[in-house]
Amino acid sequence: MGIQGKANLLMVIVTMFWGLSYTFMVMGLETMAVYNVVALRCIIAFLAAGIIFYKRIIKVDAKTLKYAAIQGFLLFIVFALSLIGLETTSVSNAGFILSLTVVLVPIFSSFIEKKLPSKAVSFAIICTMIGITILTTHGSVSFQKGDIVVAIAALCYSIYLLLNSSFTKNVESISYGIYQLGFAGLYALILTFIFETPTLPSTTTAWIAIIGLGVICSAFCFVGQTVAQQYTSATHTGLIFSLEPIFAAMFAMMFIGEGITIKLLIGGSFILIGNLVAQLEHLHVLRFIKKQEHEKAIH
């Protein structure tokens, strides 16, 4: 297996653990409040990643801290809204709705660049909206509170990703990413003291959930993604990320007994098709650009 193949395999493992994070979040919510779970997750992740890369984080500059503070706030919002949403919607629904980011990012990019979305992105938007409608409507045309909250989390995560592509050009990426986790944990800890009662996990299940979220789903996934993305393309990464809601549904079925319904299969399929179309168009554009550059080089 070549180095890109190994990087892609690592990205699949990272995506699998992100899918598992939804199940861990539900397990954590059984004994702890929302901000408390986010605080423990992010602080554990910050400490674990910080120990590995301590030489980098001690050399941090003011610009990196400023950008990390902004992104840490958005990361905190995404984690908190995901948890609030999971109180009233299923893990499977949450996984597919959060994958909206794959389509939202090119939509926002089109607005920023002041041009209409491409035909492929427009098709992906239509597929995704059909999928969301099938997943989230219940009998009449009404939506569960959790579905709406998770959709807002997807919106915030899209903004986070767009800002990330800009901020990472000006800072050292690893220390920037680690400090994001630290700031997210700090914001969550402050709100825990204001609105909740800070507690440590009180059951084995809760400890497994929190350590899993902090060490595996945050620290390991952050380090793994950072390493893997150096050796694989953005398109391969995007296509692999499309597997996240499938892993989320699979782990929810295995560990917390969620069933696979016809609505989930049909709605999830539409969203997955939309995600894949958006990514494949990106692959086609990249190939066209490379072909043009190659032809110019020859002439």
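Guide: Two helices count as roughly antiparallel when the angle between their axes is over 145 degrees, on a scale from 0 to 180 degrees between N-to-C directions, with each axis fitted to C-alpha atoms over the stretch in contact. The model is predicted, so local features need pLDDT of at least 70 and side-chain atom pairs 80 or more, while totals for chains, interfaces and linings use all residues. Residues are numbered from 1 along each chain as its sequence is written, and side-chain values use heavy atoms, without hydrogens or water.

Visitor: So how do helix 2 and helix 9 pack?

Guide: Helix 2 (residues 34–52) and helix 9 (residues 173–195), each a DSSP run of H or I with at least four residues, pack at about 150° with axes 7 Å apart, and they are therefore roughly antiparallel. Their contact (heavy atoms within 4.5 Å) includes Phe-46 of helix 2 and Leu-181 of helix 9.

Visitor: What about helix 4 and helix 8, at what angle do they cross?

Guide: The axes of helix 4 (residues 62–86) and helix 8 cross at roughly 160° and come within 8 Å, so this pair is roughly antiparallel too. Among the residues making the contact are Gln-71 of helix 4 and Asn-164 of helix 8.

Visitor: New topic: is Asn-164 buried or exposed?

Guide: Asn-164, in helix 8 (residues 145–167), has 17% relative accessibility and therefore counts as buried, which means under 20% relative accessible area with a 1.4 Å probe, protein chains only.

Visitor: And what does Asn-164 touch?

Guide: Leaving aside neighbours within four places in sequence, Asn-164 is in contact with Gln-71, Tyr-176 and Gln-180.

Definitions and conventions. Helices (H or I, at least four residues) and strands (E, at least two) are DSSP runs, numbered from the N terminus. Angles under 35 degrees count as roughly parallel, over 145 as roughly antiparallel, 65 to 115 as roughly perpendicular and the rest as oblique. Buried means under 20% relative accessible area, exposed over 50%, partly exposed in between (1.4 Å probe, protein chains only).
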